[in-house]
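Please read them with the model open.

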Amino acid sequence: MKLASLKGGRDGKLVVVSDDLAWCADAAHIAPTLQAALDDWHHLSPLLEALATDLSHEAIPMMRFHERDAAAPLPRAFQWADGSAYVNHVALVRQARGAELPDSFWHDPLVYQGGSDGFLGPRDPIPLADEDWGCDMEGEVVVVIGDVPQGASREDALAAIRLVGLTNDVSLRNLIPGELAKGFGFYQSKPASAFSPVFVTPDTLGDAWADGKLHGALKVDLNGQPFGRADAGVDMTFDFGTLIAHLAKTRALGAGTIVGSGTVSNRDADGGPGKPIGAGGLGYSCIAEVRTVETIQSGAPVTPFLKKGDTVRIWMDDAKHHPVFGVIEQTVG
């Protein structure tokens, strides 16, 4: 089952979307918003599944689904917690600045709590007031969970995953060092993130969803050119069950919490840093990583951060080369 929120009001209007993303059906008679559906998932999800079946059989009124009309599936959420599950990405960034990677990073996930009071839609522009802030895209996988009690096991955490999607977790790289130096974490350096047009139930993903990981190439294009094709199921040190259980160690998590994987990142086949697509590698899911590799190899970064007018596309295809979650396509404005 694929769910989306059409723009309208603060929390959007819930619709069920066909598997090919061509059609949708109003779900307001079941739940007016996705958050309302998540709050009563065990009762309402079978009704939404039935609506999705009726939509596939063209047995109900339906309308064309246009991704430009979609808000983020959850236009705002009670919590947005982003991890750093691909430790390869963290290791590279620290290597570039000559910092040693603590051993704890391999068994104790990094997580920050981001702003969740307003997310960008998949085709909304990326607002950038100052190019000197170092604007970067970050292609990631996200899950949305139901209620998770404090102290939940990994298995219980996996069972609480309701939906899977993608995000462009925008970062302002040049603001990050100053904020982290204060010892209190991100704020100004992490503006609103954008999400894929639809979120998808894990069962719909088939073999692409296994062991708490989404498998497949996360495709990132920059200005129409292939930038990243890293496999989200490879080099993921912490699966989503582990991330969620980590979050629930000291607190319960509410239905509708969004959990991010962090930037998808693959090592090269020889075990070293990833290579650009043009050099036969899988590329990168953010600009910071290619700048890091450039720094390691030549002493200084070459690739610039995003400028006004740049366009980013993030998506993942199924076996038939059709986007599973729709496409995030944003222009820096």
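Predicted model: local features only at pLDDT ≥ 70, side-chain atom pairs only at ≥ 80, totals over all residues.

The points below go through a few local features, one at a time.

1. Threonine 33, placement. Threonine 33 sits in the loop between β3 (23-26) and α1 (34-39). Is this residue buried or exposed? Threonine 33 is buried because its relative accessible area is 17%, and the cut-off for buried is under 20%.

2. Threonine 33, partners. The side chain of threonine 33 comes to 3.1 Å from the backbone nitrogen of alanine 36. Which residues does threonine 33 touch, once neighbours within four places in sequence are set aside? They are Asp11, Gly12 and Leu14.

3. Leucine 21. Please look at the backbone here. Leucine 21 has a positive phi, near 65 degrees, and is a residue other than glycine. Leucine 21 belongs to the loop between β2 (13-17) and β3. With a relative accessibility of 8%, leucine 21 counts as buried.

4. Strand β15, side chains. The side chains of β15 split into two sets. Lys219 and Asp221 point one way, while Val220 and Leu222 point the other way. All four residues are buried, Lys219 and Asp221 included.

5. Strand β15, pairing. What does β15 pair with? β15 runs antiparallel to β18 (residues 311-315), and four bridges join the two strands. Within that pairing, aspartate 221 has arginine 313 of β18 as its bridge partner. β15 also runs antiparallel to β16, this time with three bridges.

6. Asparagine 223. The hairpin of β15 and β16 has two residues between the strands. Asparagine 223 lies in this loop, between β15 (219-222) and β16 (225-228). Its phi is positive, about 55 degrees, although asparagine 223 is not a glycine.

7. Second largest pocket. The volume of this pocket is about 490 Å³. The pocket is lined by 22 residues, and the closest to its centre are Asp317, Asp318, Ala319, His322 and Val324. What classes of residue make up the lining? The lining has 10 nonpolar, eight charged and four polar residues.

Definitions and conventions: Residues numbered from 1 in each chain as written. Heavy atoms only, no water. Buried < 20%, exposed > 50% of the residue type's maximum accessible area, 1.4 Å probe, protein only. Polar contact = N/O pair within 3.5 Å; in protein donor to acceptor, adjacent residues only side chain to side chain. Contact = heavy atoms within 4.5 Å. 1 Å grid on protein atoms, 1.4 Å probe; cavity = no way out; pocket = protein on both sides within 12 Å on 5 of 7 lines; lining within 4 Å. Points joined across faces, edges and corners; volume = space filled by probe spheres on them. Nonpolar A, V, L, I, M, F, W, Y, C, P; charged D, E, K, R; others polar. Pairing = 2+ DSSP bridges.
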